[in-house]
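Okay, thanks for coming, everyone. Let me put the model up on the screen, and then I'll walk you through it.

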Amino acid sequence: MFLRFSKGDPGALKPVLAAELASKSLQLDSLEANFRPALLCDGEDLELFSMNAASCYLLGAKSSPEFDRWLEWEATELSPLIHLHVVSCLNKKEDSAVKLSYWIVSLRWRTH
């Protein structure tokens, strides 16, 4: 299997970790250009562009309401917060919206 991704894309870490946990071989293809990440599956005509779907595929994970809820939380709450934090760090300024988002997400996470 091949994982194709843009250099510095943190989303590519999910399938890398999933492959490691599942003891599966994964070849990495890091590209300089801005590229949508994809998992290319051996022996199948299958490309997965969602890193959550790629991770589930590598782990052989079965869907459950709790599992789906965590994936939804990560996609709708955690990832946007990480994006805001990275952007604020790159701009070298601490934005009050980032701090507020952090506390909102922390509160929501504790209530799930």
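One definition before anything else: when I say contact, I mean heavy atoms within 4.5 Å. Also, this is a predicted model, where local features need pLDDT of at least 70, side-chain atom pairs count only at pLDDT 80 or more, and totals for chains, interfaces and linings use all residues. Residues are numbered from 1 along each chain as its sequence is written, and side-chain values use heavy atoms, with hydrogens and water left out.

So, the layout. We've got 4 helices and 4 strands, and reading along the sequence the pattern goes β-α-β-β-β-α-α-α. Those come from DSSP runs, numbered from the N terminus: H or I with at least four residues for helices, E with at least two for strands. If you take contacts between residues at least 6 apart in sequence, 58% of them join residues at least 24 apart.

On accessibility: buried is under 20% relative accessible area, exposed is over 50%, and partly exposed is in between, with a 1.4 Å probe and protein chains only. By that rule 27% of the 112 residues are buried. The chain exposes about 7900 Å², with carbon and sulfur atoms supplying 60% of that; the areas are Shrake-Rupley with a 1.4 Å probe, and for residues only the protein chains shown count as cover.

Now let's zoom in on helix H2. Its buried residues are Met51, Asn52, Ala54, Ser55, Cys56 and Leu58. What does Asn52 touch, not counting residues up to four places away in sequence? That would be Lys14, Leu71 and Glu74. Asn52 counts as buried because its relative accessibility is 16%.

Leu59, also in H2, is partly exposed, because its relative accessible area is 41%. Leaving aside neighbours within four places, Leu59 is in contact with Ala18, Leu21 and Ala22. The C-alpha atoms of Leu59 and Leu21 are separated by 7.5 Å, and the two residues are 38 apart along the chain. After H2 comes Gly60, with a positive phi near 65 degrees.

There's another positive phi at Ser23, near 55 degrees, and that one isn't a glycine. Ser23 sits in the loop between H1 and strand E2 (27-31), and it counts as exposed because its relative accessibility is 68%.

Of the 23 lining residues, the closest to the centre are Pro10, Gly11, Lys14, Glu74 and Ser79. Helices H1 (13-21), H2 (51-59) and H3 (65-90) each give two or more residues to the lining, and H3 has the largest share, with 9.

How many disulfides does the rule give? The count is 0, where a disulfide is a pair of cysteine sulfur atoms within 2.5 Å. Cys41 is buried, at 7% relative accessible area, and Cys56 is buried too, at 18%.

Definitions and conventions: 1 Å grid on protein atoms, 1.4 Å probe; cavity = no way out; pocket = protein on both sides within 12 Å on 5 of 7 lines; lining within 4 Å.
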